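Here is a walk through a two-chain model, taken one piece at a time. Keep the viewer open as you read.

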Amino acid sequence: MQKFSTLKSIPAYLPIVNVDTDMIIPKQFLKTIKRTGLGKNLFFEMRYDDKGKEINEFILNKTPFNKSKILIAGKNFGCGSSREHAPWALLDFGITCVISSSFADIFHNNCFKNGILPIILNDDKIKELSEYANRKEEIFVDLNVEKVIYGNNEVRFKVDPFKKKCLLEGLDDIALSLNKSKKIENFEKDLKSQKPWIFND
Amino acid sequence: MPNTLYDKIWNDHLVDQQADGTALLFVDRHLVHEVTSPQAFEGLRNSNRKVRHPKLTLAVADHNVPTTDRSKGISDKESKIQVDTLEANCKEFGIKLFGMGDKRQGIVHIIGPEQGFTQPGTVIVCGDSHTATHGAFGSLAFGIGTSEVEHVLATQTLVQKKAKNFRINVEGKLPLGVTSKDVILQIIGKIGTAGGTGCVIEYAGDLIRSLSVEQRMTICNMTIEGGARAGLIAPDEKIFKYLEGKPMSPKGKNWENALEYWRNLKSDDGAKFDKEVNLKAEEILPMITWGTSPQDVITIDGKIPNPQNEKNEDKKNSLERALNYMGLKPNMAAKDIKIDKVFIGSCTNGRIEDLREAAKILKDKKIASHVHAMVVPGSGLVKEQAEQEGLDKIFVNSGFEWREPGCSMCLAMNADKLKPEERCASTSNRNFEGRQGRGGRTHLVSPGMAAAAAISGSLDDVRKYQN
């Protein structure tokens with residue numbers, strides 16, 4: 001997994017609440033058997049018209065936001081389907097940080113598995129940061145100290161320590177769990193004796 | 001200390017607990033489908049890893065399969081690749097698969113219970129957000145992403161943090177014509193789509209206990225629409241009776257032992273819930289959604305909300321956006337909303353009782369001439385059962401199409417989809433923009449309400465057709 005440490009970018013602001021994963025990447029693009037190449041279809045229905053032409057007014061079609069690495073959006077971002085294609089599409093587009101006042105659980109988890117940092121801030125801070133998007137000014141995200149720095153201001157955010165470590169070091173959490181193989185084996189042994197029906201033995 | 005049902009299942013599955021609260025949880029049952037698994041299997045191959053417990057894993061193709069004549073296979077090239085890939089992966093890793101030609105094939109959340117793969121007190125995961133359905137059996141069931149699918153395949157565990165305990169009590173009796181779909185829509189309307197974020201919901205109260213196993217599944221299924229990770233209900237004799245004799249249910253001595261364990265699966269008296277909400281069943285009416293989020297609910301007697309009455313600017317904008325997308329005017333009566341299509345099916349409402357409920361309304365009636373309506377049974381076994389009961393004939397005689405099982409127009413990955421601006425009364429679970437097809441307009445309803453809408457040609461009150 002790609003590491004995440006610090007990031008500087010002009011943020012793009014999408015002032016919509018409950019952005020669902022169907023919006024982020026519609027179902028016709030879930031037929032892929034790959035993780036890559038979904039960036040061009042990110043927010044497909046808002047980004048392109050019926051003929052496939054870019055809709056100029058959509059934020060990610062405008063310069064400089066078509067190069068934004070940070071997306072700021074309304075609350076409950078990433079709700080709905082569990083599709084990991086949503087973070088894959090964001091990543092492929094170049095967005096590695098999403099800021100919202102809340103995230104849906106599965107999407108939030110999926111971000112951390114793909115080197116994307118989801119940041120939760122309160123609505124007032126979201127408003128302040130969105131001004132930077134409107135003015136096309138850069139903001140700076142530093143995961144090490146858990147801060148967003150904008151102009152002469154800064155705001156702290158919180159990240160789960162284990163997830164932070166995985167992001168900073170780009171760790172493969174399957175390998176980490178497999179390091180606990182002995183514990184898994186012991187658990188399975190107990191399970192077989194206490195609940196043999198689980199294994200259908 | 002008294003524990004909740006969620007606490008008990010959690011504690012019973014702890015493989016490892018880190019000091020920072022991160023836990024490694026054992027997974028008893030893993031359901032796999034074609035859309036969210038190819039990259040996970042690819043990951044296993046690239047790292048030279050195996051599936052740790054193929055026997056605890058069950059696979060089915062459901063999202064992409066055609067619901068019309070299957071004798072010619074899948075004509076959509078990409079869909080075919082995905083379904084073929086699942087087949088090849090299952091073969092390579094030794095996982096049991098219900099292929100497209102198998103009569104046990106169907107929607108992943110319908111076949112799990114049907115086969116007895118779903119069992120009380122287990123941890124069940126699937127790369128699909130509607131995995132919460134299995135919580136109806138008193139299991140901790142939740143959706144995961146593809147990276148997590150790979151993690152479960154490789155380790156039979158999942159890295160998790162404990163969620164909060166949230167209990168929703170529904171007491172009383174439902175009025176005539178009101179179903180568990182209306183109950184869950186009402187709940188989502190009340191708590192909002194983020195109301196359950198970070199929580200596991202336990203549904204309790206005498207109304208919940210009075211529901212059938214299938215009705216409970218409808219409630220747990222849409223838990224994710226309220227933002228919660230999982231929804232569950234303490235298992236009881238109805239659940240045990242349902243599971244007895246199912247192909248993958250425990251047998252003989254195992255059955256006796258399992259039963260003894262299952263009977264203790266309930267929240268202790270005095271267990272602490274972080275959050276609690278109470279509803280009276282008598283006050284729940286037939287519901288519809290009017291907007292583009294499952295929390296946008298009104299009763300069938302209700303009116304479309306007016307953004308002018310909304311003081312909060314963000315909420316007002318979001319109301320206007322939804323009304324604009326849905327092509328609706330403020331203050332319009334729900335019953336004046338004319339529909340073009342009706343879809344009965346999905347993991348929310350594609351089981352036999354759902355089909356019976358709709359067929360009861362449709363018997364000896366014709367659907368409106370401008371309406372195109374279809375029933376997609378949730379599985380091959382549901383289809384077979386319905387045909388034995390003659391329900392297929394009732395549907396066909398009324399003007400419905402009778403299809404092959406799958407996810408179909410719930411998410412419109414196959415050929416079943418809405419055209420732009422087409423309006424559908426749907427028994428599925430999501431009314432998001434574009435969910436049933438680009439520009440398509442979805443109104444979520446119960447199976448009975450979908451049948452009533454098909455007959456009237458507009459959203460209508462199912463109570464009108466009750467005897």
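Predicted model: local features only at pLDDT ≥ 70, side-chain atom pairs only at ≥ 80, totals over all residues.

**Chain A**

Let's start with the overall layout. Chain A has eight helices and eight strands, and its C-alpha atoms fill a box of roughly 65 × 45 × 25 Å along the principal axes. Of its 201 residues, 45% count as buried. If you take the contacts in chain A between residues at least 6 apart in sequence, 68% of them join residues at least 24 apart.

Strand S7 (residues 147–150) of chain A is joined to S8(A) by four bridges in the antiparallel sense, and Lys147(A) has Arg156(A) as its bridge partner in S8(A).

**Where the chains meet**

How many residues of chain A are in contact with chain B? There are 45 of them, and they meet 59 residues of chain B. Helix H1 (21–24), helix H4 (105–112), helix H6 (161–169), helix H7 (173–178) and helix H8 (181–194) of chain A each supply at least two residues to the side that touches chain B. By residue type, that side of chain A divides into 18 nonpolar, 10 polar and 17 charged.

| Strand pair | Bridges | Example pair |
|---|---|---|
| S3(B) and S6(B) | three, parallel | Leu31(B) and Cys126(B) |
| S6(B) and S7(B) | four, parallel | Val125(B) and Phe142(B) |
| S3(B) and S4(B) | three, parallel | His30(B) and Thr57(B) |

His30(B) also stands opposite Val125(B) in S6(B). Between S3(B) and S4(B) the chain crosses through helix H2 (residues 38–46) of chain B, and this β-α-β crossover is right-handed.

Now for the side chains. In a regular strand they alternate between the two faces of the sheet.

Which residues of helix H1 (residues 5–12) of chain B are buried? They are Leu5(B), Tyr6(B), Ile9(B) and Trp10(B). These cover an arc of only 130° around the axis, which puts them on the same side of H1(B). The general rule behind this is that an α-helix has 3.6 residues a turn, so residues three or four places apart point the same way. The buried residues of H1(B) pack against strands of chain B, among them S1 (14–17), S9 (164–171) and S10 (199–204).

S1(B) also belongs to an open sheet of three strands, in the order S1-S2-S8 (chain B) with antiparallel pairing. S1 and strand S8 (157–161) of chain B stand at the edges with a single partner strand each, so one side of each is left without a neighbour in the sheet. Neighbouring strands here are turned by 25° against each other on average, direction ignored. Three bridges join S1(B) to strand S2 (residues 22–26) of chain B, and Asp16(B) has Leu24(B) as its bridge partner in S2(B).

**One residue in helix H9**

Finally, look at Ile239(B), in helix H9 (residues 237–243) of chain B. Is Ile239(B) buried or exposed? Ile239(B) is buried, because 22 other C-beta atoms lie within 10 Å, and the cut-off for buried is 20 or more. Leaving out residues up to four places away in sequence, Ile239(B) touches Pro120(B), Phe137(B), Gly138(B) and Val213(B). Val213(B) is 26 residues from Ile239(B) along the chain, yet their C-alpha atoms are separated by 6.2 Å.

Note on methods. Residues numbered from 1 in each chain as written. Chains lettered and ligands numbered in written order. Buried ≥ 20, exposed ≤ 12 C-beta atoms within 10 Å, placed from the backbone. Arc of directions from axis to C-beta. Contact = placed C-beta atoms within 7 Å. Nonpolar A, V, L, I, M, F, W, Y, C, P; charged D, E, K, R; others polar. Pairing = 2+ DSSP bridges. Axes fitted to C-alpha atoms, helices over the stretch in contact; angles between N-to-C directions. Right-handed = clockwise from strand over helix to strand, strands pointing away.
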